[in-house]
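Please give me a short briefing on this structure. Group the points by topic and keep the sentences brief.

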Amino acid sequence: MAASRTILIAGAGIGGLVTGLALAKSGFRTEVFEQSARPEDQGAGIQLSPNAMHVLLALGLEEALRPHVVSAEYVRVRKARSGRELARVPLGLHAEQRYGAPYWMIHRGDLQKVLIEAARGNPDVALTLGSKVQDFVVHANGVTAQVRSGHTAKEERGIALIGADGLWSMLRTRLGHVDAPEFRRRTAWRATVPAKAVPWEFREPSVNLWLGRHAHLVHYPVRAGHLINIVAIVRDEEAAQPGWSNAGAREEIIARFRRSWAAGARNMVAAPEQWSKWSLYDRAPERQWSDGPITLIGDAAHSMLPFLAQGGAMAIEDAAVLAECLATSPEDPAKGMRRYETARYARTMRVQREARRNAAIYHASGVEAVLRNTVLRALRGKGLLRRYDWLYGWRSPTRETI
């Protein structure tokens with residue numbers, strides 16, 4: 001592959017790795033730099049909804065992913081106080097037939113490993129761990145990035161640079177976006193437990209969503225059903241230290257769910273011995289993420305709250321659209337990046353807005369909670385799913401339609 005087709009990527013999370021693979025499929029060579037010295041087997045589970053699965057299947061990852069996933073049959077929405085089911089949203093075969101792709105659940109660590117193995121097996125993707133993109137210079141032939149590995153700095157050249165470096169993106173700041181992420185007064189707690197440690201009904205291949213006052217609880221199986229992923233999101237007035245892996249005191253989260261929660265929910269929260277927590281942030285939508293041959297994807301471009309379970313999916317979609325847009329004008333990356341921004345702005349803005357709206361709905365109390373529960377019962381499962389056709393029914397645009 002000619003050097004003039006090399007694209008640099010800062011960050012080897014889900015978005016950065018999928019971008020590298022998608023660009024390689026579109027005829028580019030990619031160099032992906034990740035500051036962590038080795039991938040860590042941590043993080044919460046992730047729901048791979050059909051819109052994300054279309055991209056992963058198109059990259060040929062089905063066989064590698066399948067041993068690690070659980071295919072979700074339902075989303076079971078429950079009332080916190082009684083545990084009574086408010087709605088059962090059909091997924092499984094119903095969703096696959098409706099949207100053309102499955103709805104899978106997987107541990108982030110497993111997804112990361114599959115993507116890394118795919119990148120290392122692709123001759124047009126070079127993955128370098130323990131290396132951080134610190135700065136860049138734009139010139140007539142593209143971009144030169146300064147990459148630091150330990151005490152050594154070197155220069156890497158490419159026709160474009162993509163920032164997949166997350167919520168606290170250095171590249172975003174370097175592009176002149178000085179707005180800090182806004183703390184949304186909520187903290188997410190996460191843990192995993194062996195499936196055998198929970199009742200049989202909670203081992204079923206479903207997403208369980210409990211809605212309570214100023215809090216909600218989500219749990220579902222991962223690792224081919226051997227682990228249960230648990231996430232509890234509660235209201236908080238003070239932000240924790242930045243990062244995904246702040247230690248959380250077990251007694252604190254148990255106390256949060258002691259009152260007004262059914263025994264099933266309380267037992268799920270009490271099951272893990274260790275918890276991690278992270279504060280939830282997002283930013284207001286912006287129309288411009290790019291400058292010349294440099295752009296952003298995922299949380300670096302459009303951070304969002306997790307109340308639609310779409311943060312990872314949006315990064316995956318970004319990767320597919322960006323690869324198609326760059327392929328339409330390989331000799332002019334800046335033009336392709338403008339197309340990418342145009343193609344992604346309205347959709348990612350809607351997801352950001354709907355995630356904020358869901359935050360209020362999930363954590364409602366009093367009259368608002370009664371109204372929410374009434375609407376959920378009236379819609380029933382299939383009606384509720386239809387309201388997300390716009391989200392799950394997405395397809396990546398082709399080069400002819402961009």
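β9 and β10 form a hairpin, with 2 residues between the two strands. Strands here are DSSP runs of E with at least two residues, helices are runs of H or I with at least four residues, and both are numbered from the N terminus. The model is predicted, so local features need pLDDT of at least 70, side-chain atom pairs count only at pLDDT 80 or more, and totals for chains, interfaces and linings use all residues. Residues are numbered from 1 along each chain as its sequence is written, and side-chain values use heavy atoms, with hydrogens and water left out.

**The sheet β9-β10-β11**

- An open sheet is built from 3 strands in the order β9-β10-β11, with antiparallel pairing.
- β9 (132-139) and β11 (152-158) are the edge strands; each has a single partner, so one side of each has no neighbour in the sheet.
- On average, neighbouring strands of this sheet are turned by 25° against each other, direction ignored. Such angles run from 0 to 180 degrees between N-to-C directions, and axes are lines fitted to C-alpha atoms, for helices over the stretch in contact.
- Strand β10 (residues 142-149) pairs with β9 in the antiparallel sense over 7 bridges. Two strands count as paired if DSSP finds at least two bridges between them.
- Valine 137 has threonine 144 of β10 as its bridge partner, and valine 138 has valine 143 of β10.
- β10 and β11 run antiparallel and are joined by 7 bridges.
- Arginine 148 stands opposite alanine 153 in β11.
- β10 and β11 also form a hairpin with 2 residues between the strands, where glycine 150 takes a positive phi near 65°.
- Strands of a sheet pair through backbone hydrogen bonds, either parallel or antiparallel.

**The sheet β3-β7-β4**

- Another open sheet has 3 strands in the order β3-β7-β4, and its pairing is antiparallel.
- β3 and β4 (70-71) stand at the edges with a single partner strand each, so one side of each is left without a neighbour in the sheet.
- Helix α5 (residues 108-120) packs on this sheet and touches β3 and β7; its direction makes about 90° with that of β7. Contact means heavy atoms within 4.5 Å.
- Strand β3 (residues 45-48) and strand β7 (residues 104-107) run antiparallel, joined by 4 bridges.
- In β7, tryptophan 104 is the bridge partner of leucine 48, and isoleucine 106 is that of isoleucine 46.
- From β3, Gly45 and Gln47 point one way and Ile46 and Leu48 the other; all are buried. Buried means under 20% relative accessible area, exposed means over 50%, and partly exposed lies in between (1.4 Å probe, protein chains only).

**Nonpolar cores**

- The largest nonpolar core has 65 residues, and Leu48 and Leu65 have the most contacts inside it. A nonpolar core is a set of buried Ala, Val, Leu, Ile, Met, Phe, Trp, Tyr and Cys residues joined through side-chain atoms within 4.5 Å.
- Helix α10 (residues 311-328) gives the most to this core, with 10 residues.
- Leucine 65 touches Leu56, Trp104, Ile106, Leu111 and Val114, not counting residues up to four places away in sequence.
- A second, separate core has 39 residues, including Ala72, Ala95, Ala188 and Leu211.

**Histidine 302**

- Histidine 302 lies in helix α9 (residues 299-302).
- Histidine 302 counts as buried because its relative accessibility is 4%.
- Its side chain makes a polar contact with the side chain of aspartate 318 (2.6 Å). A polar contact is a pair of N or O atoms within 3.5 Å; within protein, one must be able to donate a hydrogen and the other to accept it, and residues adjacent in sequence count only if both atoms are side-chain atoms.
- Histidine 302 touches Trp289, Met314, Asp318, Thr348 and Gln352, leaving aside residues up to four places away in sequence.

**Helix α12**

- Helix α12 (residues 366-386) bends by about 100° at arginine 380. The bend is the angle between axes fitted to the seven residues ending at a residue and the seven starting there.
- The buried residues of α12 pack against β5 (74-79), β6 (85-90), α4 (92-99), β14 (206-212), α11 (333-362) and α13 (389-392).

- Arginine 185 is not a glycine, yet has a positive phi of about 60°. Arginine 185 lies in strand β13 (residues 182-194).
- Arginine 223 has a positive phi of about 50°, although it is not a glycine. The loop between β15 (215-222) and β16 (227-235) holds arginine 223.
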